[in-house]
Amino acid sequence: MYNYSGDYDITTIYRFKTIIRSQTKCSITKEKEKKISSCPLERKIWGRLCAIEIHSRTNAIGIPLSINTTIYDNNSTSENVLQINIVELHNYGFIQNNSRMSVYFDSNYWERSAIETTGKKCNLESTITSTPTTNTALYYSACALLYHFLVSEYKLNKCMETLEYKYETHYYPYYRSDNNVHQTFLTVYWKPNKNQSCLSITYFHNLNSDMEIILSVSNENDTIIASPILEKNDSITTLKVENMNLIQDQEYKLSLKRKYGNMRYYYGYNSNFGNWFELLRIAQCPNNDEEEVRLVSMDDIGDNWCKPQKPFIILGNVKNNIYNKTSTSTKSCLNGGYMLPTRSACVCPPGFIGQFCEIGCGSNRYGADCKGVCSMHDNEMCRGLLMCTKYYGCTCPVGLTGELCDEDCPPGTYGANCNQRCSSNCRNNTCDQYTGICYYGCSQGYLLPYCSQKYPYLINPPKLLSDEYEAIEMELNFESKNIKGGDNTIKLKYYQIFYKSKTEEEFTKTEFKIINENNTRTTDILNNLEPDTTYIIGVLVITNDGNFNDKDIVYDQYKTSCIQPEVTDYNIQIISGIKSVNVRWDRIHIKRLECNIIKYILTLTHNQSKNKMSGIEEIESSSDNGHLIKNLYPGYNYSISLTPETNKGPMMSSPIYSFTPQITKNDVSIKDIIATTDDDKIKIFWKLKNVYQQDTIVNEPFTYVVKFKLQRILSCSLEILKNDWTSVMISNRTNYEIFDVIPNAQYCIQVQVANDNINTQQDIQICALTHSKKPTIEPVFDLKHPINVTNSSVFIQWKVDSENCSKLNGFLSTYYIELKDKENNILQVNETKKNYIYINNLKSNNYYELKVFIKTHIGYNPEHFLFTNFTTKTRYLTPVDELVVYKKSLKYRLVGLRWYYKEDASLDGFIISMNEDTFGNENKVSVITPTKCPAWPKYYCYTYRNLSPTNNFTFNIKPKSLDYPEGGPVSSISFNINDEMPDPPTELKITDIGNTFISLQWDIPWIFNGILKMFIINVEEISYENLSVFSPVQTTEYPIYKEVPSYNYTLENLNPGSTYSIAVISVSNSLWYSLPSRILTTTLLDTKLLS
């Protein structure tokens, strides 16, 4: 059988020798007080004081050969022969001084190496730290390090010393056809010194390897006993080969053989393919009843002596997990054990075993079977040892603690490093320091040896099977699931039943009865009981050692049966009084076995109207022949009946009798004022009550006084307002409505009956909170902090008018803000609790609209907001566009200029100047206000007058704003004032047409080149429907009085169905004529002529 996994009982023991535990030992606590050190500092001295032992209780496989650490196999008590040490194998090529074993291999194909558990190469020298200095100051520090060294968790060795097989230097002579041939690269001959059954090999076979490697074991006749394949893995692996029946003194051969998977030829290659195979150890396995002890030299640990200790665990097939004991489950584990998520049993500290760590090994024992012995001397035992196991880590042995694990546990503690506390149920709070056993006994009711378990008792009381008039039959359950306490050694022997009636003080106890182990359910009967009586019953169990637990008996109640009495006539008499009634009946006499009457129930019914029940009250009478009922409603109609009851339930009820108590004056008052809010009003409802706090129906008219006042406006503050009560008289109804109330406000309300005692009535007041609504108020500008606009930001501050805070209609929550980019139609929203907002990253020279809403816990009102609009300032003023001279006149010595400038709220004028000669002399600079042209609304116009008729001119203009008062870029145009031909009209079109008229519209010419005087309209009939009505060309002059964007004119007296060519010509004052603008159109036919 080939086994690649398993748990192994390996304990690493750090043994502090006798000298270090003597009276003059290095004690950290004492040295701190004396400030004087006697601890050995030199490495050679320390090595003589401490030894490391690896105790293998079940096998010797897989113990790693740590870096710079020599494991002396000659200390093995099993005297295994096959123990290949990597250092000796590499240095000498054989195992020295061993006549029972020989090794054959070629050292040219092997190289000393070191790898991590994952197979990754590592540097041996990198793990060695510098040697400590020997001055006195460092000496005390070394002792402190030792303390941490003793109590810290372990870590796995990072680097493992190996022999790497250099496959690329080993010639492989076989061909593709020889695919079943393996090449041997290591051979071991040995003779067991006793019968054995197992051996192991620890190795690393890379997943990338192209080799198949076989471990072949054969006897002296070359008969193969086992030939497992060394599987590839991503970490160091230990293979255990079992069930081989190796005979003492017979020679056996072990060989490592290889072949290539795809028969490739690798000889002569370098190591580009990586390390494929590394050998760590080959060893025989000891028998299960043997223990191997291996010593690790302190001299070869290097400086690792001052680092935390670790257990030497098996190498391979174990993930390098270090678990935190405090974070794992310890609920089911005892004596300091803890649960790992990967294991089904608890991880126990050294000195405890069992699935739950429930078994203590004792003062001188350890190991998974408690057969490991610490010392042969009774005065030492496990004193001065530090024990480490694979999963648990390192700890002092059980019963010991201290810096060197040589101090006995303080009273009340026990276990590994004395971390466990004795059970609180141990007498004198004392237990065995090694196992936790309470040697002085337990408190009453608890079990030895640990006093953690109570003596057994039944979880559930007896089960009732039947109840008779004078007996109770029960079933007693002694199954294990119904027993709490005890352990596997305690058995139930006897039981005894305790019982008593509810009126008795002492329990009656039955005789002892035997518990049958083969019948866990027993039936028992209690006789000679009283009928119709409740009994309290429990069961006491006595164990086979004569002890019992009478503190935890579980009791239940059981009742004997009876016969219900039969009575049909109670002879009831009803005597009405003022606000009371006296009910009388005959006393009932009970016979033997009949049920006792436990109470008499009078059912009192309050009838508001016929056959309508509004209130029922059951009155329990303590008397057996009568009962007086007081404090009834005066004047109300009541009904009453009598029903005796036994433990079996109610007997037959009597007939129903009616009566009416008398009523007096002024017994009515207000009850249950209820106020509800609805929109802008409060609805008030109330009921009537008499002085005895019972509801009644109002059959006669009453008058009420309703009072109310506004107490506080929560939207403003929580302060109480100083307001007077408003009083209203209400008749013949029990409701009222208060209109036009303020939202989110508290009103106080009182209602009184207007009777003779109105001034002495107790004031019944309630308060009502009106519904909150969306606010009907908007913020106002804070004039102390005016709006500030830049070319990329805006700052606005506002406030809420405190005089109108009631219009908030709710609790002010935030301010909801909408910022709309009007030019790009982009809406941004924001919320703030502050009463101002600063918004940046705005576009320059852009038009925005800002709305600020008040938002309460209800929301905001889109109809109430603070509104402002603004245009961000331009980042830079731009020059004017489309600068042109659109009109000029030599006669009138004027010129009209027109230009375009984009919409800009910051624009507050233009800076203009005119040069009147060729030398560039500039006239006086002036600033004009931005004036749009009447004829071109998107353009600006300006007219210069009284110009010189002979000069040429240059006109300069630049925009001006508050941000740039000196103006922006200059735009210029040069011209003279001589008249020229104007542009024709534009956009000539027909706006309406009939059979005798045509309506025209055209836009003003773009350039006048003079002063526009008129338009001439020429109409020529170019085709016609009726020759007899032909008309010649018509010419119309359309005078111009002002410049407007477009002009309209209607031609009349035209011929139906005729086609006309219409031309419109621009004419200036100097009689310059433009080219015509033409259009063709046809008048409509005359429908009368067609008919």
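Select Ser209, in the loop between β10 (199-205) and β11 (211-218). Strands here are DSSP runs of E, at least two residues long, numbered from the N terminus. This is a predicted model: local features need pLDDT of at least 70, side-chain atom pairs count only at pLDDT 80 or more, and totals for chains, interfaces and linings use all residues. Residues are numbered from 1 along each chain as its sequence is written, and side-chain values use heavy atoms, without hydrogens and water.

Ser209 counts as buried, at 5% relative accessibility. Buried means under 20% relative accessible area, exposed over 50%, and partly exposed in between (1.4 Å probe, protein chains only).

Now show the side chain of His205. A polar contact of 3.0 Å joins it to the side chain of Ser209. Such a contact is a pair of N or O atoms within 3.5 Å; within protein, one must be able to donate a hydrogen and the other to accept it, and residues adjacent in sequence count only if both atoms are side-chain atoms.

Next, the salt bridges. The whole structure has 26. Each puts a side-chain nitrogen of Lys or Arg within 4 Å of a carboxyl oxygen of Asp or Glu.

- Select Glu242 and Lys240: the closest N and O atoms are 3.3 Å apart. Both residues are buried.
- Go to Arg587 and Asp624: here the closest N and O atoms are 2.8 Å apart. Arg587 is partly exposed at 46% relative accessibility, and Asp624 is partly exposed at 28%.

Finish with Lys121, Glu164, Lys166, Glu168 and Glu278. A network of salt bridges links them.

Conventions: Helices (H or I, at least four residues) and strands (E, at least two) are DSSP runs, numbered from the N terminus.
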